[in-house]
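Please have the sequence and the structure at hand.

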Amino acid sequence: MKIKSILSLIAIISFFSCEKKTIEGLWTVKSVVVGDEEMTPNARWIRFDSDLTQASGNGRFQHSYGTWKLNQKSYELSIKNSNGLDDLNDPFMISYTDNEMIWKRTEEGQDIKITLERSFKLPETYGDKILGLWELEKAISNGNYFEESEQKEINDYIFFRWDKRFVIRSEKGRVNGVYNVHGHKPEVELIPYGDQVKRDLWEIQFEENQITLKLLNSDSIVTRQFRRIHKFPD
């Protein structure tokens, strides 16, 4: 019985050691290097499903879907997006462990290296983090949207909606518009409707339940500090 047990144990170990690693599952992009320049997108991910379909996106937004194929002998990975453009480049040459994967190929004469890590939840973009209702706590220097104030209870707010529209209430009145969050940097552009105020570009500084917007391309320091709230102030 002891010999049979040992043989059974060896068979189990051999089975698992021979089992092939798989790229199936969710992966997030750690870095993208094009030539000598790093061009890593914010919170980019791709998911490989067992039925050879794939989907990818940034943060909570899925923007691509299609199929994938991996040549197990040459380790060439081909990805096709059903709602995107044809990929005219050679397949990626990949190497991977259980938790990390590297893609390499040449595009337009430049070497591309993409490093991914296995993940179990979708990452958040800067645009995901900024969503919601924020009450103004402090405004330094006068400028668009909010007057300078050190008061803690001003009741002014900015509401970043899921549909890329914003609503601002301040002493200057109500301002509506659209906003764009940069795909690589923590920056947001506010584009108001009409000519009441002009469009501006702000750097976003994130803290727990708090954001600070710092006006870019300005000769003076202009900041707006907000805290997250869950109902509109009176």
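Predicted model: local features only at pLDDT ≥ 70, side-chain atom pairs only at ≥ 80, totals over all residues.

Q: Which strands make up the closed barrel?
A: Eight strands form the barrel in the order E10-E11-E12-E13-E14-E15-E16-E17, with antiparallel pairing. From one strand to the next, the twist averages 30°. Within this barrel, strand E13 (residues 173-181) and strand E14 (residues 187-192) pair over five bridges. Asn 180 has Glu 189 as its bridge partner in E14.

Q: Why is the contact between Glu 189 and Arg 199 called a salt bridge?
A: The term requires a side-chain nitrogen of Lys or Arg within 4 Å of a carboxyl oxygen of Asp or Glu. The side chains of Glu 189 and Arg 199 meet at 2.9 Å, N to O, so the contact qualifies. Glu 189 lies in strand E14 and Arg 199 in the loop between E14 and strand E15 (200-207), so the contact ties together parts that are 10 residues apart in sequence. Glu 189, with a relative accessible area of 23%, is partly exposed, and Arg 199, at 49%, is partly exposed as well.

Q: What makes the contact of Glu 137 with Arg 227 a salt bridge?
A: Here the N to O distance is 3.7 Å, and the term applies because the limit is 4 Å. Glu 137 belongs to strand E10 (residues 132-140) and Arg 227 to strand E17 (residues 223-229), so parts that are 90 residues apart in sequence are tied together.

Q: Why is Glu 137 called buried?
A: Buried means under 20% relative accessible area. Glu 137 has 13% relative accessibility and therefore counts as buried. Arg 227, at 34%, is partly exposed.

Q: Is Arg 60 buried or exposed?
A: Arg 60 has a relative accessible area of 52% and is exposed, because the term stands for values over 50%. Asp 128, at 13% relative accessibility, counts as buried. The side chains of Arg 60 and Asp 128 meet in a salt bridge (3.9 Å, N to O). Arg 60, Glu 124 and Asp 128 are linked in a network of salt bridges. The whole structure holds 12 salt bridges.

Q: What surrounds the largest pocket, and how are the residues of its lining divided?
A: The largest pocket holds about 1100 Å³ of space. It is lined by 41 residues, of which Pro 41, Arg 44, Trp 45, Ser 56 and Asn 58 lie nearest its centre. Elements that give two or more residues to this lining include E4, H2 and E13. The lining comprises 20 nonpolar, 12 polar and nine charged residues.

Terms used. Residues numbered from 1 in each chain as written. Heavy atoms only, no water. Pairing = 2+ DSSP bridges. Helix = DSSP H or I, 4+ residues; strand = E, 2+ residues; numbered from the N terminus. Axes fitted to C-alpha atoms, helices over the stretch in contact; angles between N-to-C directions. Buried < 20%, exposed > 50% of the residue type's maximum accessible area, 1.4 Å probe, protein only. 1 Å grid on protein atoms, 1.4 Å probe; cavity = no way out; pocket = protein on both sides within 12 Å on 5 of 7 lines; lining within 4 Å. Points joined across faces, edges and corners; volume = space filled by probe spheres on them. Nonpolar A, V, L, I, M, F, W, Y, C, P; charged D, E, K, R; others polar.
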